[in-house]
Amino acid sequence: MNVTDTGKMSRRTFLDYLLGFGVVAWLAAVLYPIIDYFKVPPQTEPAPSSVIAGSVKDFKPNSGKVFRFGNEPAILVDTPNGKLEAFSAVCTHLQCTVQYRPDMQKIWCACHGGVYDLNGRNISGPPPRPLAEYKVAVKGDEIIVSKS
Amino acid sequence: MNKESKTMRWLNERYNLSLIEHIAQEKKVPQFRGSFWYYFGGVSLFLFIVQVVTGILLLMYYQPGAQTAYESVRFIVTKVEFGWLIRSIHSWSANLMILSVIIHMFSVYFTKAFRRPRELTWYSGFLLLALCLTFGFSGYLLPWNTLSYFATKVGTEIVAVVPVIGKPIMEILRNGSDVTTATLTRFYGLHVAVLPAIFTVVLGVHLLFIQVQGISEPESWKDLPESKKNHIPFFPNFVLRDVLLWLIVLNVLAILAVYFPWELGHKADPFAPAPMGIRPEWYFLFMFQSLKFFPAKIFSIDGEVLGISLFGVAGLLWFLVPFWDSKTPKGARNRIANYIGIGVVLYIIVLTAIGAR
């Protein structure tokens, strides 16, 4: 450090520090709002707790359909036994949208080949967790899917 | 006195062009068995220029948005005069540019041109490759088709795997928690404004380093006397050869664009399943394929987390090659680095071939 004979910091050193601090503070003042600007404000749209996935007559055993559940895709499967099951259609591996494969009688993800059984359990491939399970209720002709 | 020299004299009086003349005369390029690889830097630069020109042309019609992105690209390729050609060249050129940059990088790696004093040229080049890949990734989404939608979904989800900071960065990239048309707007801004600005600066710095330090000589020349070293002048010899290669590349581009026009595919539907046979662009294919092979859990760690972390570490080690290579005796051929390089090349080729099946 540049010090004077009396051991005090020189005026020049002090001004250098002041200038350095000023530059850092100026940079922070410029960058902070820019970085903050990129943060996405919370969306206020409420997520529905249940949706109508379709009509009973549109389904036959050993078939599946991806439908919209709020902002996310969900899948309704009419199993080979004729039972209706619904899950989140978002693959737990890397968020691709899964589909029902009648030939395999399994739920399958085309992106990385993940396979889930008809209870939504991850049984082969890279998915680390089962699919989120939804409740299915039939009211008249309508199939209503709700989050459990 | 002819007209050209009058112009030159007029300019010289005002701007002292002798400095540029001096640089052009002094600059020379080593001639040896591997000097062919030197041309890939220039080819990458040429393809970048093609990208800028065709990108600006596409901007004249492209409209980001849920109801306009796909439709405007369809309009470009079906209605606009030569729109199909411009779009096809832009897509092909993007792919060739990444290929050229990758070849350039490996040639620098194997000729050890990254060694002292050219460490910063390597680091800036690595940054340029990363920017190229980001260019490719962000541009891929813009036509808003099924393939690009799912590629973006998977690609941004990979970022979220990084502990603590991953998820906030993913949300910033996606402009929300999911890939929506808001993501499209963000990627558009990134692709046409942010990335070109950063890329131009880094490219300028990269070229400045090369200009200041001169073109790297092969390791085998270290102990040769100056008289045994064979050089050609950069201007006009190397430049003319480079321009000839640019012309060939332009012809290759035109042939590819005309005979293999880039497909537009189907419009993205966020509530449809991912289509069969989905895969990313070829330059991400080896990583994509590797992630397929990772099991769901490895020692209670999610397979994808481990896979992505390994790629992160490998990328960092590759970036830091001038650092760890320098730990070997100076002037040594460092066969370990060669074997690692060959291993990396083979790994990428094999996994890409498996992924492309």
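This is a predicted model: local features need pLDDT of at least 70, side-chain atom pairs count only at pLDDT 80 or more; totals for chains, interfaces and linings use all residues.
Q: How is the radius of gyration of chain A related to the value that the globule rule gives for 148 residues?
A: Chain A comprises one helix and 10 strands, and its C-alpha atoms fill a box of roughly 95 × 35 × 20 Å along the principal axes. For 148 residues the globule rule gives 15 Å, whereas the radius of gyration of chain A is well over this, so the chain is more spread out than a compact globule. The radius of gyration of chain A is 29 Å.

Q: What distance separates the centres of domain 1 of chain A and domain 2 of chain A?
A: Chain A is divided into domain 1, residues 1-39, and domain 2, residues 50-147. Taken over C-alpha atoms, the distance between the centres of these two domains is 58 Å.

Q: What is the radius of gyration of chain B?
A: Chain B has 14 helices and four strands, and its C-alpha atoms fill a box of roughly 70 × 55 × 35 Å along the principal axes. The globule rule gives 21 Å for 357 residues, and the value for chain B is close to this, so chain B is as compact as a globular protein of that length. The radius of gyration of chain B is 23 Å.

Q: What percentage of the contacts in chain B with a separation of 6 or more is accounted for by residues 24 or more positions apart?
A: In chain A, 36% of the contacts between residues at least 6 apart in sequence join residues at least 24 apart. For chain B, the share accounted for by residues 24 or more positions apart is 76%.

Q: What percentage of the residues of chain B counts as buried?
A: Of the 148 residues in chain A, buried residues make up 29%. Among the 357 residues of chain B, the buried share is 30%.

Q: Which element gives the largest share of the side of chain B that touches chain A?
A: The contact involves 27 residues of chain B and 26 residues of chain A. On the side of chain B, the elements that give two or more residues are α7 (146-160), α8 (166-174), α11 (282-293) and α12 (303-319) of chain B. The largest share is five residues, and this comes from α7(B).

Q: How many nonpolar residues does the side of chain B that touches chain A have?
A: Chain B places 27 residues in contact with chain A. By class, three of the residues on this side are polar and eight are charged. The number of nonpolar residues is 16.

Q: Which residues of chain B are in contact with A:Cys96?
A: Neighbours within four places in sequence are left aside here. Within chain A, the contacts of A:Cys96 are A:Cys91, A:Cys109, A:Ala110 and A:Cys111.

Q: Which are the edge strands of the open sheet of four strands in chain A?
A: The sheet has the order β5-β6-β7-β8, with antiparallel pairing. Strands β6 (106-108) and β7 (115-116) of chain A are joined by two bridges, and A:Trp108 stands opposite A:Val115 in β7(A). Each edge strand pairs on one side only; these are β5 (99-101) and β8 (122-124) of chain A.

Q: Which residue in the hairpin of β9(A) and β10(A) takes a positive phi?
A: Strands β9(A) and β10(A) pair in the antiparallel sense over six bridges, and A:Val136 has A:Val145 as its bridge partner in β10(A). Two residues lie between the strands of this hairpin. The residue with a positive phi, near 65°, is A:Gly140.

Q: Which residues does B:Trp84 touch, not counting residues up to four places away in sequence?
A: B:Trp84 is located in helix α5 of chain B. With 18 other C-beta atoms within 10 Å, B:Trp84 is partly exposed. The residues touched are B:Val77 and B:Pro261.

Notes. Residues are numbered from 1 along each chain as its sequence is written. Chains are lettered from A and ligands numbered from 1 in the order in which they are written. Two residues are in contact if their C-beta atoms, placed from the backbone, lie within 7 Å. Ala, Val, Leu, Ile, Met, Phe, Trp, Tyr, Cys and Pro count as nonpolar, Asp, Glu, Lys and Arg as charged, and the others, Gly among them, as polar. The radius of gyration is taken over C-alpha atoms; the globule rule is 2.2 Å times the number of residues to the power 0.38. A residue is buried if 20 or more other C-beta atoms lie within 10 Å of its own, exposed if 12 or fewer, and partly exposed in between; C-beta atoms are placed from the backbone. Domain bounds come from an automatic or database domain assignment. Two strands pair if DSSP finds at least two bridges between them.
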